[in-house]
Amino acid sequence: MAVETKATEVPWETLSPDAKLERRFAAWLAAPGVQFATPQAKADYQSRVTNVIDALQLKKTPSRIPVLPGLGGFAEAYCGYTTYDVMHDVDKAIDVMTRCTLEFQIDTTVGANAQSARVWELLDFKTYIWPGHGLPADADGVQFNEGEYMPVAEYDAFLDDPTDYYWRIYLPRILGALGPLSTLPYLPYAGQTASVPSSLNVFGRPEIESALLKLIEAGKEGLKQQQKMAPATRKLTELGFPNMGGGNSKAPFDLLGDGFRGTRGIIMDMFQRPGKLMAAMDRLVPILIRMGVNSARMGSCPLVGFALHKGADGYMSDEHFKTFYWGPLRKVCMGLIQEGLIPRLGAQGGYNQRFEVIRDLPKGKALWALGYDTDMAKAKAAIGDVACLMGNVPATRLHTGTPEETAEFCRHLIDVAGKGGGYLFSTASIDRNAKVENVKAMIKTAKEHGVYS
């Protein structure tokens, strides 16, 4: 990422990882260019950000545990909308974000489903189905279409040139509108300078023009949505609510196993072609570091989010986890840490057998967001001295319990995970059937009980 520096500042590339992180924290706290609505809004913003920073770094106990539940589909239902509504109308998504942020007063802006059904439809997106497109209009959420989108025979093409593979083979396969791009010749270099113009004649073919025009149309549609969402998010910042979005990246094993080889394919690869699998993941490491760095803007939250899909207990042996999952993922994490960023590792499924391995990151430089299948008491004892923890109220408790039971569970969780700091109170994403009274009891309890004396 290109980072602007003043003439009197030390050049970014010469800074240590700690100094880079401190500069990112300072910029996030300062909120450059933000005109806060009131002095109180500015104070609230800075208090919320400071508490998160203190929790992440494990150097100082925050004044209060940050309260950051993922309201998910519950927020849509609370505002009277379906997933179809917010995917087809960005104004409704903005309404969800704005109303729930102001009404629930948690320590960040409430996320809205900003995926545009129109963009997905224009591109003929094949790896998902969504309400009104493969799912009933009243369905909750979207569904991934599991598949082997990169056959084993294409490993060599991927290893030879991942970018070429992505644009000429993979995208035309998962985006029907870009199908004609699969007919493009290999164009890494055009040879001599005089050959450059003629090598691009292929882009004049009608089918290629049609694909590119569809891509432009989808891009304009997405940009139009972004141009509405960005000022709405900024307005909430001006009212004192930081955005915890930060950047994003992927575990190399998950990237290959989710969207390329598929679950069955990558499991077979661990046994039948481990060398190819490791080589492919090594190719991805610098790409995924760059992805995280480029998506984490200076002045925004310096967390880089990972949704860890295939590393849970029981998915693979401990030895396979160390070799195939954690080894490449740790390289990506260390690359981000070198750039002054903090990986936010969202562990989906139980990680109770993984603690000894995953604690191998520098102290205060990682955030582990743990699902309800992970024992938080064991996690606190095993990795709480090296990493901040986040989680883990199960959504089921908010569906079936009472407000009193919800409050008691939250108090116990805070007592266990919040001891001594290094903890962010959160949930798994809450779906639309959660009881309003339970969600309110959860937030109220977390705010009141999470104060450090």
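## Close-up views of the predicted model

**View 1. Asn438 sits in helix H19, which covers residues 436-449.** Helices (H or I, at least four residues) and strands (E, at least two) are DSSP runs, numbered from the N terminus. The structure is a predicted model, in which local features need pLDDT of at least 70 and side-chain atom pairs count only at pLDDT 80 or more, while totals for chains, interfaces and linings use all residues. Residues are numbered from 1 along each chain as its sequence is written, and side-chain values use heavy atoms, with hydrogens and water left out. The relative accessibility of Asn438 is 0%, so this residue counts as buried (under 20% relative accessible area; exposed is over 50% and partly exposed in between, with a 1.4 Å probe and protein chains only). When residues up to four places away in sequence are not counted, Asn438 touches Arg397, Leu398, His399, Gly401, Thr402, Pro403 and Thr406, where contact means heavy atoms within 4.5 Å.

**View 2. Helix H2 holds Gln57, and the loop that comes between H2 and helix H3 (72-78) holds Leu58.** Gln57 has a relative accessibility of 13% and therefore counts as buried. Leaving aside neighbours within four places in sequence, the residues in contact with Gln57 are Leu21, Glu22, Phe25 and Gly364. Leu58 is not a glycine, although its phi is positive, at about 60 degrees. Most residues other than glycine have a negative phi, and most peptide bonds are trans. Another positive phi belongs to Ala31, where the value is near 50 degrees in a residue other than glycine. Ala31 is part of the loop between helix H1 (17-30) and H2, and it counts as buried because its relative accessibility is 5%.

**View 3. Val96 is a residue of helix H5.** With a relative accessible area of 1%, Val96 is buried. Apart from neighbours within four places in sequence, Val96 is in contact with Ala75, Glu76, Cys79, Tyr81, Val86 and Thr101. From C-alpha to C-alpha, Val96 and Phe321 are 39 Å apart in space, and they are 225 residues apart in sequence.

**View 4. Helix H10 runs over residues 206-238.** This helix has 33 residues and reaches 48 Å from its first C-alpha to its last, which is close to the expected 48 Å (the expected span being 1.5 Å times one less than the number of residues). The buried residues of H10 include Ile208, Ala218, Met229 and Leu236, and what covers the buried residues of H10 includes helix H2 (39-57), helix H5 (90-104) and helix H6 (117-123). Gly240, which follows H10, has a positive phi near 110 degrees.

**View 5. Helix H11 (residues 252-260) packs with helix H12 (residues 262-272).** On the H11 side, the contact is made by Phe253, Leu256, Gly257, Asp258 and Phe260, and on the H12 side by Gly262, Thr263, Ile266 and Met270.

**View 6. An open sheet of 6 strands has the order E4-E5-E6-E7-E8-E9, with parallel pairing.** Strand E4 (247-248) and strand E9 (423-427) are the edge strands, and each pairs on one side only (two strands pair if DSSP finds at least two bridges between them). Between E4 and strand E5 (residues 303-308) there are 2 bridges, and Gly247 stands opposite Val304 in E5. E5 and strand E6 (residues 342-347) are joined in the parallel sense by 6 bridges, with Ala347 in E6 as the bridge partner of Leu308.

**View 7. Asn392 belongs to strand E8 and stands opposite Ser426 in E9.** The peptide bond that joins Gly391 and Asn392 is cis, with omega about -25 degrees. E8 (residues 388-393) and E9 run parallel and are joined by 5 bridges. Helix H16 (residues 376-383) lies across strand E7 (367-370), E8 and E9, and runs at about 175 degrees to E8.

Methods. Axes fitted to C-alpha atoms, helices over the stretch in contact; angles between N-to-C directions.
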